[in-house]
Amino acid sequence: MTVTTELRLRSPSLPLVELTASLQPDEIECVHALCLQSDVRIFTVRIDSTDDVSETELAALEEVVEVTALGRTNGKRIYQLTVELADAISDAFDPDRFDGAQLEPTTITPEGWHEKKVFKDYETFAEFRTSCEEHGIPIELVSITSDAVPTADSSQHGLTDRQHEALTLAIARGYYDSPRRTSTEALAEELDISQPALSTLLRRAERQVLTSALDARRHVETVSG
């Protein structure tokens, strides 16, 4: 099951946010990012030609190590910027931990990043969100959709596809966190069902998972004995 998300990440420490804040283009687009080292990335960015931003000014930014002008296209100047990441950012975005891919150019503004990413499942997205928040990068989830297919986990616990989708969405959105980060009303809206139907779906899924886990434990104890 793949999960498509639209996110707003809000932190002044995010790469190139300083560019929009200090040089004051309204926004820039990052069309590609390449990881050279854990704390060094190369960003290919597009800046509107009407924005008064020079190559010298880009090179003077504290986080920018190197600037390469690539030319112009469709009224925008294209630059390759080698950026040294803050420790918290490199840890939060560790490429070895998260299977997430950028779907569209990331829009960077003085407030942070606005991007669309696809993750292999809800659990991977939840881990990404937790990592960001643990490193001081708040995430606003604008939307989340899934392309649900049967999984080994759902088959193992006897869940229907719909139960598995509802349960994993609830986990990803923080429904089971303390305090809760979302409500049954919000989850129901995302799944396009009523709130009572969502509550019933979760209750049955929870019962099925617990029953499956307890039955498996009893089986192990019986075999061991």
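**Figure 1. Arg173, in the loop between helix 6 and helix 7.** Arg173 counts as buried, at 14% relative accessibility. Buried here means under 20% relative accessible area, exposed means over 50%, and partly exposed is anything in between (1.4 Å probe, protein chains only). Follow the chain from Tyr122 to Arg173 and you've moved 51 residues, yet their C-alpha atoms are separated by 8.8 Å. You're looking at a predicted model, in which local features need pLDDT of at least 70 and side-chain atom pairs count only at pLDDT 80 or more, while totals for chains, interfaces and linings use all residues. Residues are numbered from 1 along each chain as its sequence is written, and side-chain values use heavy atoms, with hydrogens and water left out. As for the element names, helices (H or I, at least four residues) and strands (E, at least two) are DSSP runs, numbered from the N terminus.

**Figure 2. A cis peptide bond between Ser178 and Pro179.** Omega for this bond is about 0°. Most residues other than glycine have a negative phi, and most peptide bonds are trans. Where does Pro179 sit? Look in the loop between helix 6 (161-172) and helix 7.

**Figure 3. The buried residues of helix 7.** Helix 7 runs over residues 184-191, and Thr184, Leu187, Ala188 and Leu191 are buried in it. These residues lie on the same side of helix 7 because they cover an arc of only 100° around the axis. That arc is taken from the directions from the helix axis to the C-beta atoms.

**Figure 4. Leu16 and Asn74, each with a positive phi without being a glycine.** Phi of Leu16 is near 70°, and that of Asn74 is about 50°. You'll find Leu16 in the loop between strand 1 and helix 1 (17-22). Asn74 belongs to the loop between strand 4 (64-73) and strand 5 (76-84). Is Leu16 buried or exposed? With 0% relative accessibility, Leu16 counts as buried. Asn74, on the other hand, is exposed, with a relative accessible area of 76%.

**Figure 5. Strand 8 and its pairing partners, among them strand 1.** Two strands pair if DSSP finds at least two bridges between them. Strand 1 (residues 2-9) runs antiparallel to strand 8 over 7 bridges, and here Leu7 has Glu115 as its bridge partner. Strand 6 also pairs with strand 8 in the antiparallel sense, over 3 bridges; look for Gln102 bridged to Lys117. Strand 7 is another antiparallel partner of strand 8, with 3 bridges, and there Thr109 meets Gly112. How many residues lie between strand 7 and strand 8 in their hairpin? There are 2.

**Figure 6. The largest pocket, with about 500 Å³ of space.** Rolling a probe the size of a water molecule over the atoms shows where empty space is left. On a 1 Å grid over the protein atoms alone, a pocket is an open set of points with protein on both sides within 12 Å along at least five of seven lines, whereas in a cavity a 1.4 Å probe fits but cannot get out; lining residues have an atom within 4 Å of a point. Grid points are joined across faces, edges and corners, and the volume is the space filled by probe spheres set on them. This pocket has 23 lining residues, with Ala33, Arg41, Phe93, Gly100 and Lys117 nearest its centre. Strand 2 (28-37), strand 3 (40-48), strand 6 (100-102), strand 7 (106-109) and strand 8 (112-119) each give two or more residues to the lining. Strand 2 has the largest share, with 6 residues. Sort the lining by class and you get 15 nonpolar, 4 polar and 4 charged residues. (Ala, Val, Leu, Ile, Met, Phe, Trp, Tyr, Cys and Pro count as nonpolar, Asp, Glu, Lys and Arg as charged, and the others, Gly among them, as polar.)

**Figure 7. Ile47 in strand 3.** Ile47 is buried, with a relative accessible area of 0%. Between the C-alpha atoms of Ile47 and Arg72 the separation is 9.3 Å, though the two are 25 residues apart along the chain.

**Figure 8. Cys30 and Cys35.** Cys30 is buried at a relative accessible area of 4%, while Cys35 is partly exposed at 35%. A disulfide is a pair of cysteine sulfur atoms within 2.5 Å, and by this rule the count is 0 disulfides.
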